[in-house]
Amino acid sequence: MQGMDGDQVKAWEARCIEEQLPACAAACPLHLDARAMLEKVKAGDLVAAFAIYARVIPFPAIVSHICDHPCETACRRAEAGGALRIGAIERAIVEDAYPTLKRSAQRNRKPKRIAVIGGGLAGLTAAYDLAVKGHAVTVYEGDARPLERLYHDYDAAVLPPSAIDADLGQLSALGIDIRCRARVTSGRGPLGLDDLIDAHDAVLLAPGRGPVPNLAGSIRLTIDNRVYMDADSCATSHPKVFASPLHKMPPGVEVGPYSPVGAMYDGRKAALSVDRFLQGASLTANRVDDGSGDSCLYVNVARHDPVAIVEPSAPDQGYSRTEAIAEAARCFPCECKECVRACEFLKSYGLYPKRYIREIYNNDGIIMGNRKSNKMIDSCSMCGLCADICPNDLSMGDVVLEARRSMVRRGHMPPSHHDFALRDMAFARSDEVAFARPAPGATTSAYLFFPGCQLTASSPQHSAEIYAYLRERLPGGVAFVQDCCGAPAHWAGREELHGEVNAALTARWEALGRPEVITACASCLKMLGAFQPEMTVRSLWTVMEEKGWPTGAAPLPSGALAIHDPCTGRYAKDVQSAVRTFAGHLGAEVRELSGAERTTCCGFGGLAQFANAEVTDKIVDRRITEDSADYLTYCAMCRDNFARRGKRALHILDLAFPAGADPAARPDPGFSRRRDNRLAFRARMLTDLWGETVTEPAPDLALTIADDVRADMERKLILVEDVARTVAAAEAGSPRFRNVAKGVTVASHRHGSLTTWVEYTAAGDGFVVHRAWSHRMQVEARPS
Amino acid sequence: MSNTIPEGAGNPADLLCFACDVPLEMGKVEATYLGQKFPVDLPRCPKCGFVYVSEDLALGKMLRVEQALEDK
Ligand code: SF4
Ligand code: SF4
Ligand code: SF4
Ligand SMILES: [Zn+2]
């Protein structure tokens with residue numbers, strides 16, 4: 001069976017830029033990870049910071065004094081108090097930790113002989129890189145000493161000669177042979193380029209910026225006497241000879257001003273070509289040494305308060321250790337993770353989408369073994385918040401939907417995650433509760449009211465009242481369809497089942513003469529809109545806005561209401577505005593929470609609450625503490641989930657069709673009462689409106705269940721129905737136990753893939769339920 | 001996976017089988033989930049073999065084993 005589409009997964013992964021280099025590292029031609037280095041400084045570990053620094057920088061002492069630090073120009077802290085003084089911090093690190101520097105060459109089983117012509121920063125960087133790789137390197141320098149330019153270009157106060165000497169000492173320790181006053185020319189002889197080429201496996205030219213007429217004849221030169229070379233591969237006219245290029249800094253500038261770190265980059269680039277050549281590898285394949293560049297890591301700088309740059313108390317000595325630590329603490333550090341900050345699900349697994357996507361794809365590819373990301377995949381509520389926040393519109397909901405579909409196709413979906421919700425959906429679609437009728441007395445239908453399975457389950461009287469309102473306002477007949485839109489099947493990744501639901505809905509709609517559909521539920525609106533292309537589907541709220549508001553309003557709760565939009569209606573702007581107008585019409589003073597586009601899920605979305613209630617409770621708990629006012633919603637599940645977590649919440653229909661003195665205190669009906677409400681609703685509607693004879697199903701057993709026991713059952717997803725079935729079976733003679741200590745009967749019953757246990761006592765004509773629990777595993781005594 | 005589920009199995013001494021009127025005893029039991037079978041020791045009626053799964057066991061170790069099998 002088909003797994004996830006690898007190309008699609010790659011495209012998703014690429015959208016999350018969290019792993020891109022931060023601005024400082026992207027701007028540094030050597031891509032020093034300043035963020036990681038500063039992190040260590042911040043923690044007071046300058047030795048570890050120095051290790052990060054020296055791993056990338058060939059001349060730590062020199063660079064700490066004279067680096068032209070393009071990282072600082074790029075640093076995003078500039079927008080909030082001033083760019084980090086990365087250069088000055090590096091100097092403090094070097095002061096503190098230089099003695100810990102240990103250079104050693106790798107063991108190389110086939111060391112080669114390499115001549116480097118030119119002992120400036122570029123040539124010596126190349127020599128260093130190749131020596132570290134275990135090659136035998138000889139440097140030929142025309143001047144009396146290497147790095148001559150540094151000795152006279154810089155004031156000793158800026159670059160103390162001792163710093164140069166220290167770094168050069170490290171080169172000798174690596175075994176690099178530096179020959180001075182050794183000016184190489186073309187042709188033959190001990191310093192003739194032709195002889196050097198013959199005597200070495202490769203030659204690297206690092207002549208700096210000046211012309212090299214002295215090399216004419218041995219290799220090809222340009223018209224202005226520079227080495228003729230390919231800037232990408234560093235190849236020259238001779239296959240064994242490579243040359244260091246001239247860095248483009250700042251990015252895009254052909255040849256910018258001299259940059260010490262740029263020169264080191266040039267040498268490193270040429271050394272990489274030499275190394276590839278010596279290994280017989282391609283000079284260009286998979287080569288991404290892009291030098292100094294821009295970062296595409298998104299950083300929300302506005303989140304950070306400005307902090308002023310730390311000024312050294314003795315400017316000519318640079319930062320003290322303490323000052324360096326204080327300055328390093330100003331590094332944000334740069335990261336995106338905007339979505340992670342907003343979503344409790346993303347936060348709870350400790351990483352960020354790029355990593356999650358990789359894990360999900362790996363999980364998908366597992367043939368044998370533990371699929372340890374299953375639960376994570378089923379914990380996303382597919383609410384779309386991350387996509388709204390992400391600078392690249394990455395939607396984790398899309399990713400997990402594909403993952404779930406693949407799990408279902410391959411039979412890897414853990415049954416416990418969605419069984420309960422799918423069973424609830426099957427019930428909502430069953431003949432016991434679903435029905436479709438043209439308006440009482442009508443044969444044709446211009447409209448169809450589709451309240452959605454949850455509104456009717458949560459507050460059936462509202463479905464009935466809205467239906468009466470619509471019949472009064474709309475001409476041409478308003479049919480009624482009580483059914484489920486199929487969202488649970490879609491969210492569960494059950495494509496086949498979802499297809500069946502859609503086909504059944506289409507058939508109902510066709511049978512009623514293809515009326516215009518009006519729904520009260522944001523999820524139904526979204527689902528029918530997406531999967532019933534032929535249907536015209538409208539939201540109840542926009543219809544009301546157009547046809548006039550229903551009359552009669554509740555006594556308002558005191559104070560303002562904070563409005564929460566359902567996540568499935570994140571972009572339904574007309575609906576959002578109609579609801580707000582409606583609330584105003586009802587006299588409510590409404591204030592915004594995050595605004596509709598940044599709304600969160602109540603946990604029902606994506607069926608996340610069934611796979612990971614811990615995470616969805618966190619999502620809801622965070623949402624309900626955003627404002628102390630009562631919440632106003634227009635989704636039954638949002639309202640009930642807020643109520644379940646202890647937040648006073650209203651459905652807007654609680655205001656429009658008053659019932660009870662304090663509708664915001666209405667408790668969450670829970671799954672069992674929702675089922676009862678659905679059953680009763682069908683019987684009542686068909687009897688009252690259509691004059692059919694339907695008896696309200698009455699429970700066979702009189703069960704007494706205390707509120708706390710009921711809440712505990714809800715948490716465990718155990719229905720009163722399951723408990724009743726268990727008690728009934730036991731009383732009819734099924735095996736059961738007596739707990740003599742507690743004086744209770746303990747019974748179990750297997751229904752479908754679940755065994756339900758109940759502790760109960762008989763009381764009068766009925767039974768008192770003390771607790772219930774369930775499991776999926778089957779246990780049987782082994783025949784002895 | 002271990003072949004016993006000892007932790008949280010409950011105190012069978014308090015329970016009497018309703019039909020046989022004898023206390024439960026620990027005994028060999030076969031657990032099955034998703035086509036996987038394995039032996040465990042659980043309290044059961046020594047006469048008719050009716051097995052008891054306590055709440056602690058159902059929501060503890062047994063749940064973890066179920067989840068592990070679901071992820072296989
Ligand atoms: S918002 Fe999230 S998904 Fe998007 S780039 Fe940032 S970390 Fe990645
Ligand atoms: S704030 Fe820190 S991570 Fe970001 S660019 Fe500046 S130094 Fe680099
Ligand atoms: S729960 Fe919502 S915000 Fe969080 S990852 Fe899933 S779709 Fe994105
Ligand atoms: Zn027995």
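## Notebook: a zinc site and its surroundings

I began at the zinc ion (ligand 4), where the four donor atoms subtend angles of 108 to 114°, which makes the arrangement tetrahedral. Four donors count as tetrahedral if all angles lie between 85 and 135 degrees. I noted that donors are N, O and S atoms within 2.8 Å of the metal (3.2 Å for Na, K and Ca), and that water is not among the atoms, so sites may look incomplete.

Before going on, I wrote down that this is a predicted model, in which local features need pLDDT of at least 70 and side-chain atom pairs count only at pLDDT 80 or more, while totals for chains, interfaces and linings use all residues. Residues are numbered from 1 along each chain as its sequence is written, chains are lettered from A and ligands numbered from 1 in the order in which they are written, and side-chain values use heavy atoms, with hydrogens and water left out.

**Entry 1: who holds the zinc?**

I looked up the protein donors of the zinc ion (ligand 4) and found the SG atoms of B:Cys17, B:Cys20, B:Cys45 and B:Cys48, lying 2.2 to 2.3 Å from the ion. Along the chain these donors follow the spacing C-x2-C-x24-C-x2-C. One pair links distant parts of the chain: B:Cys20 is in the loop between strand E1 (15-17) and strand E2 (25-33) of chain B, and B:Cys48 is in the loop between strand E3 (36-44) and helix H1 (55-59), 28 residues apart. For these labels, helices (H or I, at least four residues) and strands (E, at least two) are DSSP runs, numbered from the N terminus.

The cut-offs are under 20% relative accessible area for buried, over 50% for exposed, and partly exposed in between (1.4 Å probe, protein chains only).

**Entry 2: the rest of chain B**

I counted two helices and three strands in chain B, and the pattern along the sequence reads β-β-β-α-α. Of its 72 residues, 51% count as buried. I also checked contacts (heavy atoms within 4.5 Å): among those in chain B between residues at least 6 apart in sequence, 47% join residues at least 24 apart.

I then picked B:Gly27, which lies in strand E2 of chain B and counts as buried at 7% relative accessibility. Leaving aside neighbours within four places in sequence, B:Gly27 is in contact with B:Val40, B:Asp41, B:Leu42 and B:Arg44. B:Gly27 and B:Gly49 are 22 residues apart in sequence, and their C-alpha atoms are 8.9 Å apart in space.

**Entry 3: two ligands in chain A**

What surrounds ligand 2? I listed residues with a heavy atom within 4 Å of the molecule, among them A:Cys24, A:Cys75, A:Cys331 and A:Cys334. Helix H2 (23-27) and helix H3 (34-42) of chain A each supply at least two residues of this shell. The shell divides into eight nonpolar, no polar and two charged residues. For the classes, Ala, Val, Leu, Ile, Met, Phe, Trp, Tyr, Cys and Pro count as nonpolar, Asp, Glu, Lys and Arg as charged, and the others, Gly among them, as polar.

Around ligand 3 I found residues including A:Cys343, A:Cys380, A:Cys383 and A:Cys386. Helix H15 (344-348), helix H18 (385-389) and helix H19 (396-409) of chain A give two or more residues to that shell. By class, the shell around ligand 3 has nine nonpolar, three polar and no charged residues.

**Entry 4: side chains and backbone in chain A**

I followed helix H18 to A:Asp388, which counts as buried at 16% relative accessibility. A polar contact of 2.8 Å joins the side chains of A:Asp388 and A:Arg598. Such a contact is a pair of N or O atoms within 3.5 Å; within protein, one must be able to donate a hydrogen and the other to accept it, and residues adjacent in sequence count only if both atoms are side-chain atoms.

I looked next at A:Thr599, in the loop between strand E12 (590-592) and helix H28 (608-611) of chain A. A:Thr599 is buried, with a relative accessible area of 0%, and its side chain makes a polar contact with the side chain of A:Arg623 (3.2 Å).

Last, I checked the backbone. A cis peptide bond joins A:Phe332 and A:Pro333, with omega about -10°. A:His31 has a positive phi of about 50° although it is not a glycine, and A:His31 is partly exposed, with a relative accessible area of 27%.

Terms used:
Four donors count as tetrahedral if all angles lie between 85 and 135 degrees; four count as square planar and six as octahedral if opposite donors are over 155 degrees apart and all others between 65 and 115; anything else is irregular.
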